[in-house]
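Hi,

Here is the structure I promised to pass on to you.

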Amino acid sequence: MIAVLVEGFGGPERLVLGRAPEPGAGPGEVVIRIAATAVNRADLLQREGRYPPPAGASDILGLEAAGIVETVGQGTRRLAVGDRVFALLSGGGYAERVTVPEAHCMRIPPGMSFVEAAALAEAFLTAWQSLTRLAAPAAGDAVLIHAGASGVGTAALQIARELGLRPFATCSSSKTDACLALGAERAIDYRAGSFADVVLEATGGRGASCVLDPVGAPYLADDLRCLAMDGTIVLLATMGGARVDGFDLRAMMRKRATLRASTLRSRDAGYKSSLVTGFEDFAMPRLSDGRLRPVIHAVFPWSRAADAHRLLESGATVGKIVLVVDAGLAQAPVPA
Ligand SMILES: NC(=O)c1ccc[n+]([C@@H]2O[C@H](COP(=O)([O-])OP(=O)(O)OC[C@H]3O[C@@H](n4cnc5c(N)ncnc54)[C@H](OP(=O)(O)O)[C@@H]3O)[C@@H](O)[C@H]2O)c1
């Protein structure tokens, strides 16, 4: 089959179309013929050689995909050949076909295109996991979502709103309207002032019971400053830096704070299956009627994967970038 390969680690120019072995479906697995996949920050790091795939995962980039089931392995129960699905992958999305456990696939809601569905799995499952498993904010609680206009952020804002939380976002000034439209109570331009002050002022000093943080070191002290008592900081990445000098642990003691660090990709198959099941129950009705929707900044043919990486790296995006793998399939009429 054809896949986007990384020809020696480095910049976006290292991405080239080439040949890769045909995948097969083992017990409990399906092979998906991919219509579209989407780009994640993790892909940029993997391309640079800074984020190796976990043991047993495909070394082809791509953590999510949408398409049709082409082959089913022994013991599969829910899916049949021809079903329209989107899936959470541990790799392999930048390819014509991918093998995935049946339990990591979700049916595409009626009326939703492959391009839209391709943008769902990684961002929405990360956000869902963060707000329901890694932290447990109660309805009415304030939650602070850093990088609110990112792929994960745009999903987290919508999920938080649907959970009855009070979402606060940080983002660049050009992205505040997008965050407000997705349900943010306040969209805070973090370059213009202190996000902690805004959260504390808006919550009458109580603070946010949960902070979703992909920025890391430069935010930790202020995350704690605006964290509610017994609150949880979910560390998703260290885009802004990984080392914190001079951090005073008593700030955590004062808040009885929890710091949870998480990487979804390396979770075992059983954990991902149960995450998918819980997410489906919550999200499918909402994806069907539009209360939840993927936010897509741009769509590229996969032959322009390098341009898609450059765009994501630029930091100018709101939501996801989708790569169309099979234009014929992606443009097929969408079942109502
Ligand atoms: N741990 C996990 O399981 C997991 C899963 C998925 C994603 N993630 C992580 O979550 C983060 C968001 O992922 P994504 O794919 O949704 O990202 P994305 O769409 O590429 O968005 C990233 C945005 O973060 C903002 N940002 C804030 N501080 C930044 C900094 N220091 N450097 C670069 N960008 C900064 C920028 O928006 P502004 O212009 O608004 O600042 C940028 O556009 C990434 O770090 C990703 O690796 C983690």
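Among the contacts in the protein with a separation of 6 or more, 68% are between residues 24 or more positions apart; a contact here means that two C-beta atoms, placed from the backbone, lie within 7 Å. Please keep in mind that this is a predicted model, in which local features need pLDDT of at least 70 and side-chain atom pairs count only at pLDDT 80 or more, while totals for chains, interfaces and linings use all residues. Residues are numbered from 1 along each chain as its sequence is written.

Overall build

The protein has 336 residues and a radius of gyration of 20 Å, which agrees with the value near 20 Å for a compact globule. That radius is taken over C-alpha atoms, and the globule rule is 2.2 Å times the number of residues to the power 0.38. Along the principal axes, the C-alpha atoms fill a box of roughly 55 × 40 × 35 Å. Eleven helices and 15 strands make up the list of elements; these are DSSP runs numbered from the N terminus, with helices being H or I of at least four residues and strands E of at least two. Of the 336 residues, 50% count as buried. For burial, the cut-off is 20 or more other C-beta atoms within 10 Å of the residue's own, with 12 or fewer counting as exposed and anything in between as partly exposed, the C-beta atoms being placed from the backbone.

Two domains

The domain assignment gives domain 1 (2–120 + 268–330) and domain 2 (123–261), with bounds that come from an automatic or database assignment. Their C-alpha centres are 27 Å apart. Domain 1 puts 14 residues into the contact and domain 2 puts in 13. On the domain 1 side, helix α9 (residues 269–289) gives the largest share, four residues. That side divides into eight nonpolar, two polar and four charged residues. In this count, Ala, Val, Leu, Ile, Met, Phe, Trp, Tyr, Cys and Pro are nonpolar, Asp, Glu, Lys and Arg are charged, and the others, Gly among them, are polar.

Around the ligand

Which residues come nearest to the ligand? Of the 26 residues around it, they are Ala147, Ser150, Gly151, Ser172 and Ala237; a residue belongs to this group if its C-beta atom, placed from the backbone, lies within 6 Å of the ligand. Domain 1 and domain 2 each supply at least three residues of the shell. Helices α1 (41–47), α3 (121–134) and α4 (151–162) each supply at least two, and the largest share, three residues, is from α3. By type, the shell holds 13 nonpolar, ten polar and three charged residues.

Ala147 deserves a look of its own. It sits in the loop between β8 and α4, and it is buried, with 27 C-beta neighbours inside 10 Å. Its phi is positive, about 50 degrees, although Ala147 is not a glycine. Most residues other than glycine have a negative phi.

Helix α6

In α6 (residues 195–202), the buried residues include Phe195, Ala196, Val198 and Val199. They lie on the same side of α6, because they cover an arc of only 165 degrees around the axis, the arc being that of the directions from the helix axis to the C-beta atoms. The cover over these buried residues includes β8 (142–145), β9 (166–171), β10 (186–189), β11 (208–213) and α7 (220–225). After α6 comes Gly204, with a positive phi near 60 degrees.

A few single residues

Arg47 is in helix α1 and is buried, with 22 other C-beta atoms within 10 Å. Leaving out residues up to four places away in sequence, Arg47 touches Val6, Phe9, Arg14, Leu15, Leu61 and His309. Gly8 is 39 residues from Arg47 in sequence, and their C-alpha atoms are 8.4 Å apart.

Is Asp230 buried or exposed? Asp230 counts as exposed, with 10 C-beta neighbours inside 10 Å. Asp230 lies in strand β12 (residues 227–235) and has a positive phi of about 65 degrees, although it is not a glycine.

Ala327, in helix α11 (residues 327–330), is exposed as well, with 12 other C-beta atoms within 10 Å. Between the C-alpha atoms of Ala327 and Pro301, which are 26 residues apart along the chain, the separation is 7.8 Å.

Best wishes
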